[in-house]
Amino acid sequence: MKKYNVAVVGATGMVGRKFLQVLEERNLPVENYYLFASARSAGSNIDFMGKPHTVIELAEKNIVDKKIDIALFSAGGDISKEYAPIFAKHGILVIDNSNAWRRDKDVPLVVPECNAEDIAWHKNIIANPNCSTIQAMVVLKPLHKAFKIKRVIYSTYQAVSGAGVKGFNDLKDGINGAEPKKFPYPIFGNCLPHIDVFLENGYTKEEDKMIFETKKILNDQSIKVTATCVRVPVYYGHSESINLEFEKPCTVEEVKKVLSEAQGVVLQDDGANNLYPMPLTAEDKDEVFVGRIRKDETVESGINLWCVADNIRKGAATNTIQIAEKAIEMGAVKDQLN
């Protein structure tokens with residue numbers, strides 16, 4: 001079997017550490033791993049794959065001599081804008097977890113359960129979607145194929161880990177009354193209808209991301225999409241209330257059947273026995289959990305549902321690594337070793 005050299009860029013961050021955990025759990029055909037981070041972290045050691053790996057400073061001179069095939073990025077948009085093209089010009093496939101490339105028409109935006117075929121037209125950069133979009137797409141794609149979605153209304157309940165270590169600490173420290181450092185108001189005992197910056201139209205950038213990315217991934221600009229995104233005092237796991245209107249008529253039973261057979265979806269829908277998706281039970285899982293499926297009786301063909309996924313795992317690390325796995329499977333990675 002052909003083996004590859006893989007770089008993890010941003011290996012010391014919250015998502016980077018999750019990359020390493022998921023890579024240890026999955027059997028990618030890898031010859032060598034190279035862990036990159038800022039100069040501040042360079043020289044430190046991370047135990048990974050049963051041995052210490054020295055963190056390498058992210059710099060072009062440290063990239064060119066290693067025959068890297070795939071680079072998994074989670075170092076923020078500015079770093080991605082600067083360094084993804086450097087990796088790409090050396091023939092390395094970059095899979096980027098930031099928002100730097102998602103809107104670029106020449107860059108595939110991929111959720112492997114939904115549009116793995118888009119990997120084939122990459123130009124050495126593939127974008128990983130927003131965490132809240134990823135979990136929605138795993139649920140919506142099979143429903144779109146079966147019933148043709150006309151309209152989507154998202155209401156999200158997003159964990160503080162989506163705002164990084166500082167967001168996580170605002171909740172942890174806020175329990176003891178500490179003032180917030182990341183969020184504009186305390187998150188403990190509170191909900192903030194404010195994720196990312198506000199735009200001129202009154203939406204936040206997070207909401208705008210979900211609207212744009214839904215249409216790009218489903219490859220359908222005709223779908224009407226709106227969103228309200230809220231930060232809630234939960235450490236891990238984004239929850240979403242999704243209202244859908246379809247072109248084709250469908251029953252609740254038909255929707256459940258489609259989702260029960262969908263790749264990457266776990267159906268948890270038994271209200272009589274208090275079975276429904278929750279952040280606590282989705283934590284550190286790769287699947288998207290869906291339940292509370294019921295008719296929207298205000299439209300001719302509508303459904304309400306509730307879905308939950310681990311935003312750091314499936315919403316970032318696992319999806320990125322699944323893209324790499326699929327690219328290898330499709331022969332869409334240039335082999336630098338031979």
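This is a predicted model: local features need pLDDT of at least 70, side-chain atom pairs count only at pLDDT 80 or more; totals for chains, interfaces and linings use all residues.
Biologist: What makes the radius of gyration of the protein chain agree with that of a compact globule?

Modeller: The rule for a globule is 2.2 Å times the number of residues to the power 0.38, with the radius taken over C-alpha atoms. For 338 residues this gives a value near 20 Å, and the protein chain has 20 Å, so the two agree. Along the principal axes, the C-alpha atoms fill a box of roughly 60 × 50 × 45 Å.

Biologist: How many helices and strands does the protein chain have?

Modeller: The protein chain has nine helices and 14 strands. These are DSSP runs numbered from the N terminus: helices are H or I with at least four residues, and strands are E with at least two.

Biologist: Why is glutamate 207 called buried?

Modeller: A residue is buried under 20% relative accessible area, exposed over 50%, and partly exposed in between (1.4 Å probe, protein chains only). Glutamate 207 has 6% relative accessibility and therefore counts as buried. Of the 338 residues of the protein chain, 54% count as buried. Glutamate 207 belongs to helix H6, which covers residues 205-218.

Biologist: Which residues are in contact with glutamate 207, leaving aside its neighbours within four places in sequence?

Modeller: Contact requires heavy atoms within 4.5 Å. With those neighbours left aside, glutamate 207 touches Ala227, Thr228 and Cys229. Alanine 227 is 20 residues away from glutamate 207 in sequence, yet their C-alpha atoms are 5.3 Å apart. For the protein chain, 68% of the contacts with a separation of 6 or more join residues 24 or more positions apart.

Biologist: Why is alanine 37 called buried, and where does alanine 37 lie?

Modeller: Its relative accessible area is 6%, so alanine 37 is buried. Alanine 37 lies in strand S2, residues 30-37. Beyond the neighbours within four places in sequence, alanine 37 is in contact with Thr12, Val55, Ile56, Glu57 and Leu58. Isoleucine 56 is 19 residues from alanine 37 in sequence and 6.3 Å away, C-alpha to C-alpha.

Biologist: What makes isoleucine 153 partly exposed?

Modeller: Isoleucine 153 has a relative accessible area of 33%, so the residue is partly exposed. The residue belongs to strand S9, residues 149-158. Leaving aside neighbours within four places in sequence, isoleucine 153 is in contact with Thr226, Ser241, Ile242 and Asn243. Leucine 244 is 91 residues from isoleucine 153 in sequence and 6.6 Å from it, C-alpha to C-alpha.

Biologist: Why is alanine 120 called exposed?

Modeller: The relative accessible area of alanine 120 is 56%, so alanine 120 is exposed. Alanine 120 is in the loop between helix H3 (112-115) and strand S8 (125-127).

Biologist: What is the phi of methionine 49, and what is that of lysine 67?

Modeller: Methionine 49 is not a glycine, yet its phi is positive, about 55°. Lysine 67, which is not a glycine, has a positive phi of about 50°. Methionine 49 is in the loop between strand S3 (45-48) and strand S4 (51-54), and lysine 67 in the loop between strand S5 (56-57) and strand S6 (70-73). With a relative accessible area of 36%, methionine 49 is partly exposed; lysine 67, with 49%, is partly exposed.

Biologist: How many disulfides does a search of the whole structure find?

Modeller: The search finds zero disulfides. A disulfide is counted when a pair of cysteine sulfur atoms is within 2.5 Å. For cysteine 131 the nearest cysteine sulfur, that of cysteine 229, is 9.3 Å away, and cysteine 131 is in no disulfide. Cysteine 191 is in no disulfide, with the nearest cysteine sulfur, that of cysteine 229, 13 Å away. At 14% relative accessibility cysteine 131 counts as buried, whereas cysteine 191, with a relative accessible area of 44%, is partly exposed.

Conventions
Residues are numbered from 1 along each chain as its sequence is written. Side-chain values use heavy atoms; hydrogens and water are left out.
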